[in-house]
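Please keep both in view while reading.

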Amino acid sequence: PINIPTTMRASILRKQGDIALEQVGVPPLDDDQVLVQVAAVGVCGSDVHYYEHGRIGDYVVDHPLVLGHELSGRIVAVGATVDPARIGERVAVEPQRPCRVCDQCRQGRYNLCPDIEFYATPPIDGAFTEYVAIQADFAFPIPDNVSDEAAALIEPLSVGIWACQRAKIGPGSRVLIAGAGPIGIIAAQTARAFGATEIHITDISPDRLAFALQHGATHALDARTDSVAGLDVDAFIDASGAPQAVRSGIKAVGPAGRVILVGLGADDVELPVSYIQNREIWLSGVFRYANTWPLAIQLVADGKVDLDVLVTAHFGLSEAEAALQAGKEPGQLKAVVHPGR
Ligand code: NAD
Ligand code: ZN
């Protein structure tokens with residue numbers, strides 16, 4: 001048996017701009033949960049936003065909060081109804097807890113469950129800590145050839161998969177993606193894995209565009225100078241949140257094409273309504289994902305998606321603040337925190 005302490009170190013966001021290491025209790029397990037010793041946690045833009053602004057929309061950090069929702073680790077204990085043989089498994093964690101009984105959950109759209117709980121979203125703690133509890137069926141075993149870092153980034157890969165599924169990307173699809181950050185690059189790799197043959201990506205950073213061309217995209221366009229008008233793609237995925245990119249991207253979509261809005265930017269954006277009507281374009285938002293972990297793990301294990309290339313910096317748990325600021329440096333894509341270090 002693995003020795004489990006009663007307390008652990010956690011990086012606590014006490015309030016906006018104030019994050020520090022504290023000693024806290026190891027979370028208790030419900031019967032259907034497992035305890036995961038956290039190996040790697042990716043830093044996401046939303047973590048940075050909570051740190052810098054103390055809120056995202058209606059979600060306000062009015063109690064101390066543990067950030068981090070992109071994580072992998074090892075199962076070290078199981079609840080009463082979970083097979084003890086799972087102790088020792090390396091897992092990628094799907095960091096949410098739907099109610100399982102409401103209409104949305106029963107339709108399989110559990111990401112839209114009105115009672116969903118999500119890591120690092122007030123008041124639910126996240127993974128910048130040594131141990132987390134998660135329902136056993138939301139801890140997915142990962143093969144040996146998938147690194148701890150890649151297993152943590154199964155979470156953003158899930159966003160890319162959900163976007164590409166909603167965009168109905170398949171063999172021969174022609175796609176436009178706005179934004180060559182981690183999500184845009186992952187969406188490009190996923191689109192390629194789904195069989196897309198033309199993957200245009202836009203950004204305002206030449207570095208990011210060059211990186212995207214090496215790791216998923218087939219064409220790169222500088223949004224400051226190049227136009228996407230007339231591309232006539234089958235699908236447009238916005239991973240920038242920039243209103244201008246959303247408007248120009250929609251006008252790059254051909255008849256019966258799909259527009260998928262992933263990026264969080266302005267709450268309200270003016271849309272080219274008659275363009276959308278005349279071509280019967282489908283438009284959908286994306287709210288995280290549902291049922292994506294098995295496919296995501298398969299794509300990484302098979303080498304169809306490379307998540308390790310996205311990792312540009314590593315930090316220990318005591319360096320969470322530096323990890324949250326790392327993304328601002330040029331050339332940085334994804335910082336990873338290692339709570340065991
Ligand atoms: P990021 O900030 O690293 O990437 C955004 C990229 O867009 C940057 O590289 C930026 O230079 C680029 N950009 C800015 N203006 C642009 C323009 N006019 N045209 C083209 N590109 C432009 O963020 P990320 O981690 O890659 O995430 C992308 C977006 O997806 C963020 O807004 C994030 O909040 C959102 N997101 C949404 C969900 C969801 O469930 N809907 C989940 C995860 C992330
Ligand atoms: Zn529900």
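The structure is a predicted model, in which local features need pLDDT of at least 70, side-chain atom pairs count only at pLDDT 80 or more, and totals for chains, interfaces and linings use all residues. Residues are numbered from 1 along each chain as its sequence is written, chains are lettered from A and ligands numbered from 1 in the order in which they are written, and side-chain values use heavy atoms, with hydrogens and water left out. Helices (DSSP runs of H or I, at least four residues) and strands (DSSP runs of E, at least two) are numbered from the N terminus.

**Surroundings of ligand 1**

- Ligand 1 is surrounded by 20 residues, a residue being counted if one of its heavy atoms lies within 4 Å of the ligand.
- The closest of these residues are D203, R208, L264, V286 and R288.
- Twelve residues of the shell are nonpolar, five are polar and three are charged; Ala, Val, Leu, Ile, Met, Phe, Trp, Tyr, Cys and Pro count as nonpolar, Asp, Glu, Lys and Arg as charged, and the others, Gly among them, as polar.
- Helix α5 (182-193) and strand β14 (198-203) each contribute at least two residues to the shell.
- Polar backbone atoms of V286 and V262 face nitrogen atoms of the ligand: a ligand nitrogen is 2.8 Å from V286, and a ligand nitrogen is 3.1 Å from V262.
- An oxygen atom of ligand 1 lies 3.0 Å from a backbone N or O atom of I183.
- Ligand 1 taken alone exposes 860 Å², and the protein buries 76% of that area; accessible areas come from the Shrake-Rupley method with a 1.4 Å probe, and for residues only the protein chains shown count as cover.

**Helix α6**

- L209, F211 and A212 are buried in α6 (residues 206-214); buried means under 20% relative accessible area, exposed over 50%, and partly exposed in between (1.4 Å probe, protein chains only).
- These three residues lie on the same side of α6 because they cover an arc of only 165° around the axis, where the arc is that of the directions from the helix axis to the C-beta atoms.
- P206, D207 and Q214 are exposed on the other side of α6.
- The buried residues of α6 pack against α5, β14 and β15 (219-222), contact meaning heavy atoms within 4.5 Å.
- Just after α6, G216 adopts a positive phi of about 140°.

**Helix α1**

- D47, V48, Y50 and Y51 are buried in α1 (residues 45-53).
- An arc of only 160° around the axis holds these residues, so they are on the same side of α1.
- An α-helix has 3.6 residues a turn, so residues three or four places apart point the same way.
- The packing partners of the buried α1 residues are β1 (7-15), β2 (18-25), β3 (33-42), β4 (55-56), β5 (59-60) and α10 (320-326).
- G54 follows α1 and has a positive phi, near 75°.

**Individual buried residues**

- S72 belongs to strand β7 (residues 70-78) and counts as buried because its relative accessibility is 0%.
- Beyond its neighbours within four places in sequence, S72 contacts Q37, V38, A39, A40, V91, A92, D148, A151 and A152.
- R86 is placed in the loop between β7 and β8 (90-93) and counts as buried at 15% relative accessibility.
- Residues up to four places away in sequence aside, R86 touches I75, V91, A136, A139 and P141.
- A239 occupies the loop between β16 (233-238) and α7 (243-250) and is buried, with a relative accessible area of 19%.
- Not counting residues up to four places away in sequence, A239 touches I177, A178, G179, I183, G184 and G263.
- The C-alpha atoms of A239 and A163 are separated by 9.6 Å, although the residues are 76 apart along the chain.

**Backbone features in loops**

- Most residues other than glycine have a negative phi, and most peptide bonds are trans.
- R100 has a positive phi, near 75°; this residue lies in the loop between β9 (96-97) and α2 (103-106) and is partly exposed, with a relative accessible area of 39%.
- N291 has a positive phi of about 60°; its loop runs between β18 (282-285) and α9 (293-301), and N291 is exposed, with a relative accessible area of 55%.
- P122 and P123 are joined by a cis peptide bond with omega of about 5°, and P123 is found in the loop between β10 (117-118) and β11 (131-135).

Conventions
A polar contact is a pair of N or O atoms within 3.5 Å; within protein, one must be able to donate a hydrogen and the other to accept it, and residues adjacent in sequence count only if both atoms are side-chain atoms.
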